[in-house]
Amino acid sequence: MTTGIRPDGAHDHAERVAEHRSLPSWTRRLADDPDALCLVADSLQHVYDCLLDPHWRRITAMTTADSASRARHVLRDGMEGVLARVNPRRVRWNPPVPEVLMASGTDGDLHLEGRGLLLVPSVFGVDAPVIDPDAEPQPFLTYPVGAAHGPSGALFPGAVLSPHSPAARSLASLLGPTRAAVLTAVANHPGCSTKELAAAVGIAPASASEHATTLRAAGLLHTVRHGTAAAHSTTDAAQILLQASGA
């Protein structure tokens with residue numbers, strides 16, 4: 001099997017990781033043993049196929065909603081305001097340098113030197129940030145996706161409704177035209193705020209909030225909250241329901 005991974009690249013990456021944490025002894029073989037490198041690559045692919053791929057649509061919805069919410073915060077509060085809130089326990093903005101508390105308990109300053117910083121929302125390892133100051137074209141910093149802080153953001157919320165189940169048919173008959181329009185609008189504009197949702201459907205923000213609350217309670221929406229702002233996205237159950245109805 002051809003993995004497209006070069007042993008020298010694996011060696012360089014392992015060296016960078018080893019600067020921040022200890023690595024098991026078998027990793028030393030990867031630079032000189034293509035078969036071992038292929039085995040690692042195949043194992044990672046198997047992990048993705050079994051554990052991540054079935055939930056990738058929901059992961060994408062959660063990160064899309066979070067990114068949309070952060071983008072609005074950039075416009076309102078600037079990058080300094082966003083950095084102050086992405087991970088208050090671990091990331092601190094000390095102009096002009098972000099300060100990061102690593103999982104090891106050590107503090108580190110991230111000197112960007114004009115390169116910018118790529119913020120990457122993550123649903124995994126949400127407590128400790130992952131940071132690569134040497135990444136190209138710019139350094140990146142992971143932070144916990146907003147939904148990960150609340151029960152509405154659970155990655156595994158339970159069984160997904162079958163489009164042929166009585167429960168799915170009952171939900172479709174109970175939605176009504178306005179609530180169906182709200183659900184469709186969120187599906188078409190993942191990460192939309194309550195105000196944006198109201199404008200898309202043509203209803204008052206209070207009414208949009210009420211419908212979103214009902215749909216969330218039914219397991220059809222999840223909401224990322226940052227202070228008073230909210231970003232709505234559909235769940236897997238909602239996507240199946242919309243597809244089954246032809247919406």
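Modeller: What follows starts with a sheet and then turns to other parts. Keep in mind that this is a predicted model.

Start with the open sheet. It has three strands, in the order β4-β6-β5. The pairing is mixed. Strands of a sheet pair through backbone hydrogen bonds, either parallel or antiparallel.

Now look at the edges. β4 covers residues 118-122 and β5 covers residues 131-132. Each has a single partner strand, so one side of each is left without a neighbour in the sheet.

Next, follow β5 to its partner. β6 spans residues 140-144, and two bridges join β5 to β6. These two strands run antiparallel. To find one of the contacts on screen, go to Asp132: its bridge partner in β6 is Phe140.

Helix α3, residues 56-83, lies across β4 and β6. Its direction is at about 140° to β4.

Residue 56 is also worth a stop. Trp56 forms an aromatic pair with Tyr48. How exposed are the two partners? Tyr48 has a relative accessible area of 26%, so it is partly exposed. Trp56 comes to 39% and is also partly exposed, because that value lies between the 20% and 50% limits.

Now to another strand pair. β1 (residues 91-94) and β2 (residues 97-101) pair in the antiparallel sense. Four bridges hold that pairing. A hairpin of two residues joins β1 to β2. For a landmark, take Val91, which stands opposite Val100 in β2.

Finish with two helices. Two packed helices are described by the angle between their axes and the distance between the axes. Helix α5 covers residues 194-201 and helix α6 covers residues 205-217. They pack at an angle of about 105°, and their axes are 8 Å apart. That angle falls between 65 and 115 degrees, so α5 and α6 are roughly perpendicular to each other.

Which residues make the contact? From α5 come Thr194, Leu197 and Ala198. They meet Pro205, Ala208, Ser209 and Ala212 in α6. By kind, the contact of α5 with α6 has five nonpolar residues, two polar and no charged.

Key
Residues numbered from 1 in each chain as written. Predicted model: local features only at pLDDT ≥ 70, side-chain atom pairs only at ≥ 80, totals over all residues. Heavy atoms only, no water. Pairing = 2+ DSSP bridges. Contact = heavy atoms within 4.5 Å. Axes fitted to C-alpha atoms, helices over the stretch in contact; angles between N-to-C directions. Phe/Tyr/Trp six-rings, centres within 6.5 Å; stacked < 30°, edge-to-face > 60°. Buried < 20%, exposed > 50% of the residue type's maximum accessible area, 1.4 Å probe, protein only. Parallel < 35°, antiparallel > 145°, perpendicular 65-115°, else oblique. Nonpolar A, V, L, I, M, F, W, Y, C, P; charged D, E, K, R; others polar.
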